Amino acid sequence: MLKVILKGRLLLFLIIFKGAAAVAQSGSDKGLKDFYKGYFPVGVAVTPAQLRDPAQQALILQQFNSLTPENAMKMGPIHPEENRYYWNDADAIVNFAQQHGLKVRGHNLCWHTQTPAWMFRDKEGKLVTKEVLLERLKQHIYAVVGRYKGKIYAWDVVNEAVADENDRLYRNSLWYQICGDDYILKAFQYAHEADPDAVLFYNEYGTEQPKKRDRVFQLLKKLVDAGAPVNGVGLQAHWSLTDPGAGQINDAIKLYTSLGIKVQITELDISVYGPDRRDTTGYTPEREQKQTERYGAIFKVFRDNKQYITGVTFWNLSDRHSWLDSFPVPGRKNYPLLFDQNLQPKKAYQSVVSF
Ligand code: GLA
């Protein structure tokens, strides 16, 4: 047993050493995007403020070749009132990407949350009809996709429409209550009409858990069978130190791509916490090691599936700020990314670039 552990540690040390050497040898300007050049673009979710901050901007440009707006293109922020759009933040991100030759993934066009309240209601505050809601969705998608046509290569068209409950397929959102499942197909059609060249994704979490995976597959199959312009599935990949296993990730990729569509990893992070909300242990050396191994193993699965995977995006840049600092436990610091709070590469980084 001890021998196995020692062997494991030695192996990890060698991997990290090899990675550090690779970074050193290749010059300090080599980033994730360069290591993964023959595989897929590597992206990061950003805010306009991060792009204005010199240190974070430099790290982004060194490491990544794709950006996703963390919030700026969601329906609430970008379309706060029926006759008013707020473009500043989204424009800032797209302009930055254009200036530096980065790809942009648009995120997202239709979701059950961060949706403006006006979307579902008439002037009296009553829920609108299906016809009205679909027309509003169409106008929204035409405006947003149309504005960035040719500048945004891929869109998350519908986000999280599948239920978490095992006894139902569709999430019981207001979209679903008013439109049934028709809004999903329609959203893809509108997006395709607005930019026929954009690559269109259905984006979801929990996509590797067998039961939810099979529901997501069912939805995708329906869309594909109905001739919807859906090109791929986004696996959000908000994962933990133990879950899902590499085999489950691989199985999910194989299942979804059997439909002839591609996969993107759209929101990757590896939380150092499990389901226990009372756990406030923080980032111990054991967790750091486990996370390093996990990142290494996960990226091996991605590389092995390179014919199916057309992009991998991290959700946030560094441990300085992650959405997991306030979810699911407000104020509990998390350490889910490849760069530490000082923007330095962690051991996990080395395990991703050593292959
Ligand atoms: C979901 C959404 C993302 C983001 C994360 C949490 O995964 O798709 O846009 O809001 O939740 O930050």
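Local features required a pLDDT of at least 70 and side-chain atom pairs a pLDDT of 80 or more, whereas totals for chains, interfaces and linings use all residues of the predicted model. Residues are numbered from 1 along each chain as its sequence is written, and side-chain values use heavy atoms, with hydrogens and water left out.

The space taken by the ligand is the largest pocket. A pocket is here an open set of points, on a 1 Å grid over the protein atoms alone, where a 1.4 Å probe fits, with protein on both sides within 12 Å along at least five of seven lines; a molecule sits in a pocket if more than half of its atoms lie within 2 Å of the grid points. Surrounding the ligand (a heavy atom within 4 Å) are K74, H107, W111, Q114, N159, E160, Q236, H238, E267, W315 and W323. This shell comprises 3 nonpolar, 5 polar and 3 charged residues, where Asp, Glu, Lys and Arg count as charged, Ala, Val, Leu, Ile, Met, Phe, Trp, Tyr, Cys and Pro as nonpolar, and the others, Gly among them, as polar.

The distance from a ligand oxygen to a side-chain N or O atom is 2.5 Å for H107, 2.8 Å for Q236 and 3.3 Å for H238. Taken alone, the ligand exposes 300 Å², of which the protein buries 89% (Shrake-Rupley method, 1.4 Å probe).

The whole structure contains 0 disulfides, defined as pairs of cysteine sulfur atoms within 2.5 Å. For C110, the nearest cysteine sulfur is that of C179, 8.3 Å away.

Methods
Polar contact = N/O pair within 3.5 Å; in protein donor to acceptor, adjacent residues only side chain to side chain. 1 Å grid on protein atoms, 1.4 Å probe; cavity = no way out; pocket = protein on both sides within 12 Å on 5 of 7 lines; lining within 4 Å.
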